[in-house]
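Please read it beside the sequence and the model.

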Amino acid sequence: MSQFQQTVRIEGMSCASCVRRVEKALASVPGVAHAAVNLATESARVDSDAPLAFAALQQAIGKAGYAASEVAAPAGGATPRIAEGLAVILSAALSAPLLVPMVAEWFGMHLMMPAWLQWLLATPVQFVFGARFYRAGWKALKAGAGNMDLLVALGTSAAYGLSVYLVLAPSQGMAHLYFEASAVVLTLVLLGKWLEARAKRQTASAIRALQDLRPATARVRRHGEPDADLPIDQVRVGDIVVIRAGERVAVDGDVVDGASHVDESLITGESLPVAKQLGDHVTGGAINGEGLLLVRTGATGAETMLSRIIRLVEDAQSAKAPVQKLVDQVAAVFVPVVLVIAALTFAGWWLGAGNVEQAVINAVVVMVIACPCALGLATPAAIMAGTGVAARHGILIKNAEALEMARQVDTVVFDKTGTLTQGKPVLAHMLPNGVPAARALQLAAAIQRGSEHALARAVLDAETGAPDALPTLTAHAVTTLAGRGVAATVDGLALLLGSGRLMAERGVDLAPLQRHAGELEASGHTVSWLADAGGKQLLGLLAFADQPKQHARAAVARLHARGIATVMLTGDNLGSAQGVALAMGIGSVEANLLPADKTTVIARLKAQGKRVAMVGDGINDAPALAAAHVGIAMATGTDVAMNAAGITLMRGEPLLVADAIDISHRTFSKIRQNLFWAFIYNVAGIPLAALGMLNPLLAGAAMAFSSVSVISNALLLRRWQPSKE
């Protein structure tokens, strides 16, 4: 992956051919590793291994016939300007009278508007309101390429020019003029582009909603000074921020005073307010409920969770899905092929029927109806809508590849602790061997002090709450044995705390407590062993209980209902793992795994032809998340896991796994629908136009409608809701 990224706003793109040309221009700039252009956001994302001067990118885009500008704020889709709406209204006002004779004929009336008046009405539409098509088409020609604007300019100019010729040729008498065709086609195209811009803005609504969550100021308390409202960019890590009732949380941080409920729905998709008290973490953008909170700032600006979410959504919406490659290949040759077909249509009608007038009109219809706007919008519009609605419900999709691959998943592999279970185990049983229970707990707590592992916290909590606790001891020479346990020296003893595998490797006899261990594991407990490494003497057994998450079983059932197999991987012993798997209905279990072993299991499943999604939350899950076809990380876990995954679930809710797969299916269903109609529209429309079975007005209306219909179809994804249990 390239180290540097730039986003460039591009003006003047109108179709898939434009996208292809801009990408080619950017790729020619020295240092550019990859460039992806998005027609729906009218922007380009440029990846490079070293910083690039914007001027070089701007020059390349300018040579391709487009204008470029730097993006200070994230691109959020086109905004229909007031001037464009006014241009549509004025163009329609001038074009409408030209349609009066046509409408009158439907009622048996034969009206004929004077030729000079038709010319007077059509000329401003052609050269004032239609000037944008001439400018863009001319730039395309200078760049040695073609686009939608060139087709519109050529087609309407041909109809307009033919009409002017017929007016100036006296021998033609009262010939039928085609001013209404050129004017109305331009008006319809302008209307379609205006509606398209409005619709594109709706597809970017998720980004704007997230951006609106960022407060501009924060109330900061420093060194006993009076509280002061500061711009958010002046807040520093460590500052105490005052969050009053009803206000948005301005920064990421930890509560140092106060208690309240916080609404995090727009960030995590969690519908109910979450209780916050001393020590709890809060996320910038959430809304404080009824209480006053003092928050010690942990992250500001680009490092906040909200900013990272926005970047993820932007990356997903600007990336190209693999299916887009077909569209790009078609777009590369589309406009030249259409111009050749138009020329052949003209030649065929002229030579075959001897009617130059009809030949020109049929060639015009070919050029108008063939405009590839819908083709360029079909994929990005659906991806923007799909990733946007997913983000609103707590599912962050990092890129289009993950979105496309998720729909193909047939096997979901779950990590156990923290993914299917609460991840907050408690020490349920402490069985000593040859030492008092309090002494065994004292030694185990000394080893675990300073560790952030969930089982370590459970041991320390048990020590704190023990009624006959002994003095606190300090461990020395603490060594973590990956996937096995911990070695340390405590009170002069060389101790081991860890799995049965570790004990077997060090020659510790587990027989005294083996029967109890088997019973506890069968009931779903996780067992750890404490031993004196020097004397190879077993000192005790620690049994931990971790409750399944509320909807874990329902999440597994939903996946099975979709025909998706489930597998659970864990470093725990087989008995404990099988107990949890049985309770949740999981079909296959792999236990006693090291982090590297999880990757091996993923590789084995892939070798069997499975499409694998890995769901995890810990550092030890990161290799497996990266190895799977799709990595799905719980945001309640570690940053390492989130960075390795293609999809992040903002709540530690297993039900969201099936929801992520569902929105992937629905998004690509919309892409297929859009591409089908875009291709069929051109495949069917061009032959009909070449055969003279369409008129210019119908072609213009159909072309304008196609783009709007593609985006409107994509916007239906905004109605998607996660399944409710």
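The points below go from the whole chain to single elements and residues.

1. Basis of the note. The model is predicted, so local features are taken only at pLDDT of at least 70 and side-chain atom pairs only at pLDDT 80 or more, whereas totals for chains, interfaces and linings use all residues. Residues are numbered from 1 along each chain as its sequence is written, and side-chain values rest on heavy atoms, with hydrogens and water left out.

2. Overall composition. The protein has 26 helices and 26 strands; these are DSSP runs numbered from the N terminus, helices being H or I with at least four residues and strands E with at least two. Of its 725 residues, 52% count as buried. Buried means under 20% relative accessible area, exposed over 50%, and partly exposed in between, with a 1.4 Å probe and protein chains only.

3. Surface and contacts. Among contacts with a separation of 6 or more, residues 24 or more positions apart account for 69%; a contact means heavy atoms within 4.5 Å.

4. Helix 2. Which residues of helix 2 (residues 54-63) are buried? They are Phe54, Leu57, Ala60 and Ile61. Seen down the axis of helix 2, these buried residues fall within an arc of 130°, so they line one face of the helix; the arc is that of the directions from the helix axis to the C-beta atoms. Gln59 and Lys63 are exposed on the face turned away from the buried side.

5. Surroundings of helix 2. The cover over its buried residues includes strand 1 (4-11), helix 1 (16-27), strand 2 (32-38), strand 3 (43-48) and strand 4 (67-70). Gly65, which follows helix 2, has a positive phi near 105°.

6. Packing of helix 13 with helix 25. Two packed helices are described by the angle between their axes and the distance between the axes. For helix 13 (residues 356-369) and helix 25 (residues 655-690), the angle is about 170° and the axes are 8 Å apart. Helix 13 is therefore roughly antiparallel to helix 25. Axes are lines fitted to C-alpha atoms, for helices over the stretch in contact, and angles run from 0 to 180 degrees between N-to-C directions; those under 35 degrees count as roughly parallel, over 145 as roughly antiparallel, 65 to 115 as roughly perpendicular and the rest as oblique.

7. Residues of that contact. From helix 13, Asn362, Val365, Val366 and Ile369 meet Tyr681, Asn682, Gly685, Ile686, Ala689 and Ala690 of helix 25. The residues of this contact divide into seven nonpolar, three polar and no charged. Here Ala, Val, Leu, Ile, Met, Phe, Trp, Tyr, Cys and Pro count as nonpolar, Asp, Glu, Lys and Arg as charged, and the others, Gly among them, as polar.

8. Ile661 in helix 25. Is Ile661 buried or exposed? With a relative accessible area of 1%, Ile661 is buried, and it lies in helix 25. Leaving aside residues up to four places away in sequence, Ile661 touches Ala406, Val409, Val412, Leu559, Arg562 and Ile564.

9. Arg666 in helix 25. Arg666 also belongs to helix 25 and counts as partly exposed, at 45% relative accessibility. Residues up to four places away in sequence aside, Arg666 touches Leu717 and Trp720. Its C-alpha atom is 9.4 Å from that of Ala382, a residue 284 residues apart from Arg666 along the chain.

10. Positive phi outside glycine. Ala477, in strand 17 (residues 475-481), is not a glycine, yet its phi is positive, near 50°. Ala477 is exposed, with a relative accessible area of 60%. Lys536, in the loop between strand 20 (526-532) and strand 21 (537-545), likewise is not a glycine and has a positive phi of about 50°. At 47% relative accessibility, Lys536 counts as partly exposed.
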